[in-house]
Amino acid sequence: MENLTNQAYTEMVKKASPPSKSAKNIPMAFLFGGLICALGHFFIQMFKQAGLSDEIAFPAGSIALIFLAVLLTGLGVYDKLARHGGGGTLVPITGFANAIAAPALEFKSEGYVLGLGAKMFSVAGPVIVYGVASGIIYGVIIYLMGAY
Amino acid sequence: MEIFWEYAKAFLVGGLICAIGQVLIDYTKLTPARILVSFVVLGVVLGAVGVYQPLVEWAGGGASVPLTGWGNTIAQGTKDAIREKGLYGILSGGLGISAAGVAAAIFFGLAAGVVFKPKEK
């Protein structure tokens, strides 16, 4: 045992430790994410059946999910779901909504302007910044190339 | 049967995109904020090269609900706006098409912050 090299030790640890958390996390993320998207699809279909065009039904479906996620965040339920869902509750638009609502609640005590108002954007802000900026760069490229 | 397949497609594609997010959480040091930023930018790129919109048409909510779907919407909105309004569309397209969703997230978030009390962790 004294001659155990670092490498051999790492190997031993790997064998002795329980199956990686990913073995459970990834299927859970798949399940939660799939269910949230299927629910979103349901909302979109309902809006279409109510006579809305695709152009409105798709964003309206997202807005319904955003409303639901914000409500569940306020009730303290979304964070509990996220503990199991991981990426499945982060990547859908509901994760974005949660990232806005959770700090809005948490930092209310620091005031409505620099607490609630500012901290709402601690994660959503960067997402908007880089999303909008990539869109503009794409726009400049296709405008210059005449490819639109 | 038709309707089952439709929801299965939404479930599979949405689940798969989220599973990729989980792989990034488990195997990289990316924070949730960085992952969300990456997904939006990736969505813009995939929308720009014309891969993502067909996926939305195929999987519906499965492709539009993940944050990559928002990126794609930004790309499609920018292209449409340039077609209609020229140079001005470069700036108005992305946020213009997402205005309702962003406004909803801001307003609902504010309302939740005002109405609800923070939960004990």
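1. From the N terminus on, chain A of this predicted model runs α-α-α-α-α-α-α-α. That comes to eight helices and zero strands, where helices (H or I, at least four residues) and strands (E, at least two) are DSSP runs, numbered from the N terminus.

2. A word on conventions: residues are numbered from 1 along each chain as its sequence is written, while chains are lettered from A and ligands numbered from 1 in the order in which they are written. As the model is predicted, local features need pLDDT of at least 70 and side-chain atom pairs count only at pLDDT 80 or more, whereas totals for chains, interfaces and linings use all residues.

3. Next, the contact with chain B. Chain A brings 63 residues to it and chain B brings 60, two residues being in contact if their C-beta atoms, placed from the backbone, lie within 7 Å. On the side of chain B that touches chain A, helix 6 of chain B gives the most, with 17 residues. Helix 1 (2–27) and helix 5 (67–85) of chain B are among those that each supply at least two residues.

4. The residues on that side of chain B divide into 40 nonpolar, 16 polar and four charged. Here Ala, Val, Leu, Ile, Met, Phe, Trp, Tyr, Cys and Pro count as nonpolar, Asp, Glu, Lys and Arg as charged, and the others, Gly among them, as polar.
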